[in-house]
Amino acid sequence: MAKEPEVLQPLSLPVATTGDIPGRTTVRYVGPAFGVIARSMGFAKGFTGSFKALRSGEVKEFTHTLQAARHHAVERMAEQASEMGANAVVGLRFDSGDVGEQQGMAEIVAYGTAGVIE
């Protein structure tokens with residue numbers, strides 16, 4: 001029986017991949033904000049996922065873990081932006097990579113420009 005994916009919570013402030021928040025005016029930019037998370041697949045998911053990766057198609061064990069990791073990275077970025085005095089983040093981007101190929105860990109970085117909107 002497959003485990004239900006984690007329910008992701010709404011963010012604490014507006015975040016956009018574009019350069020502004022539609023319908024809002026940017027008063028000032030505060031600076032870059034980052035959220036970083038290193039996530040392990042866990043032995044069971046990694047083992048099961050490795051076998052499923054031998055055939056073509058989506059490997060749901062990895063997909064759900066990476067989706068949750070991206071969301072957590074964005075949450076951390078929003079928290080940092082808030083601590084900087086911002087009430088929004090624009091220009092959201094992601095970067096990712098392997099952390100120690102043998103350990104089965106992934107690094108996810110969310111980054112954007114923290115700003116104040118009205």
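## Contacts, and a first example

Contact here means heavy atoms within 4.5 Å. Gly19 sits in the segment before strand 1. Setting aside residues up to four places away in sequence, Gly19 touches Tyr29 and Val90. Leu92 is 73 residues from Gly19 along the chain, and the C-alpha atoms of the two are separated by 8.7 Å.

Thr25 also belongs to the segment before strand 1. Its partners beyond four places in sequence are Val116, Ile117 and Glu118. For Thr25 and Glu118, the separation along the chain is 93 residues, while their C-alpha atoms are 5.6 Å apart.

## The overall layout

The protein chain holds two helices and three strands. Read from the N terminus, the order of these elements is β-α-α-β-β. Among contacts in the chain with a separation of 6 or more, 74% join residues 24 or more positions apart.

Of the 118 residues in the chain, 31% count as buried. The chain exposes about 7,700 Å², and carbon and sulfur atoms supply 54% of that area.

The mean pLDDT of the protein chain is 83, with 77% of its residues reaching 70 or more. Where pLDDT is low, the predicted coordinates should not be read in detail.

In soluble globular proteins, nonpolar side chains tend to be buried together. Here, the largest nonpolar core has 15 residues, and the members that touch the most other members are Met77, Ala81 and Ala110. Which elements give two or more residues to this core? They are strand 1 (26-40), helix 2 (60-83), strand 2 (88-99) and strand 3 (105-117). Helix 2 supplies the largest share, six residues.

Met77 deserves a look of its own. Not counting residues up to four places away in sequence, Met77 touches Val15, Ala33, Phe34, Gly35, Val89, Leu92, Ala110, Tyr111 and Gly112. There is also a second, separate core of five residues, among them Ala16, Ala88, Val90 and Ile117.

## A nonpolar patch on the surface

Some nonpolar side chains are found at the surface: Phe34, Val36 and Tyr111 form a patch there, with about 270 Å² of accessible area together. Phe34 belongs to strand 1, whereas Tyr111 is part of strand 3. Tyr111 and Val36 are 75 residues apart in sequence, yet their C-alpha atoms are 8.7 Å apart in space.

Phe34 counts as partly exposed because its relative accessibility is 44%. For Tyr111 the value is 32%, so Tyr111 counts as partly exposed. Tyr111 touches Ala33, Phe34, Met77, Gly91, Leu92, Arg93, Phe94 and Asp95, again leaving out residues up to four places away in sequence. This list includes Met77, one of the residues with the most partners inside the largest core.

Glu107 lies in strand 3. Its contacts, not counting residues up to four places away in sequence, are with Val36, Ile37, Ala38, Asp95, Ser96, Gly97 and Val99. From Glu107 to Ala73 it is 34 residues in sequence and 9.5 Å in space, C-alpha to C-alpha. At 32% relative accessibility, Glu107 counts as partly exposed.

His71 is a residue of helix 2. Why does His71 count as buried? Its relative accessibility is 17%, and buried means under 20%. Beyond neighbours within four places in sequence, His71 is in contact with Leu8, Gln9 and Leu11.

Methods: Residues numbered from 1 in each chain as written. Predicted model: local features only at pLDDT ≥ 70, side-chain atom pairs only at ≥ 80, totals over all residues. Heavy atoms only, no water. Core = buried A, V, L, I, M, F, W, Y, C linked by side-chain atoms within 4.5 Å. Buried < 20%, exposed > 50% of the residue type's maximum accessible area, 1.4 Å probe, protein only. Helix = DSSP H or I, 4+ residues; strand = E, 2+ residues; numbered from the N terminus. Patch = residues over 30% accessible without salt bridge, like charges linked within 9 Å, V, L, I, M, F, W, Y side chains within 5 Å. Areas by Shrake-Rupley, 256 points an atom, 1.4 Å probe, with all protein chains shown as cover. Salt bridge = Lys/Arg side-chain N within 4 Å of Asp/Glu carboxyl O. pLDDT = per-residue confidence, 0-100.
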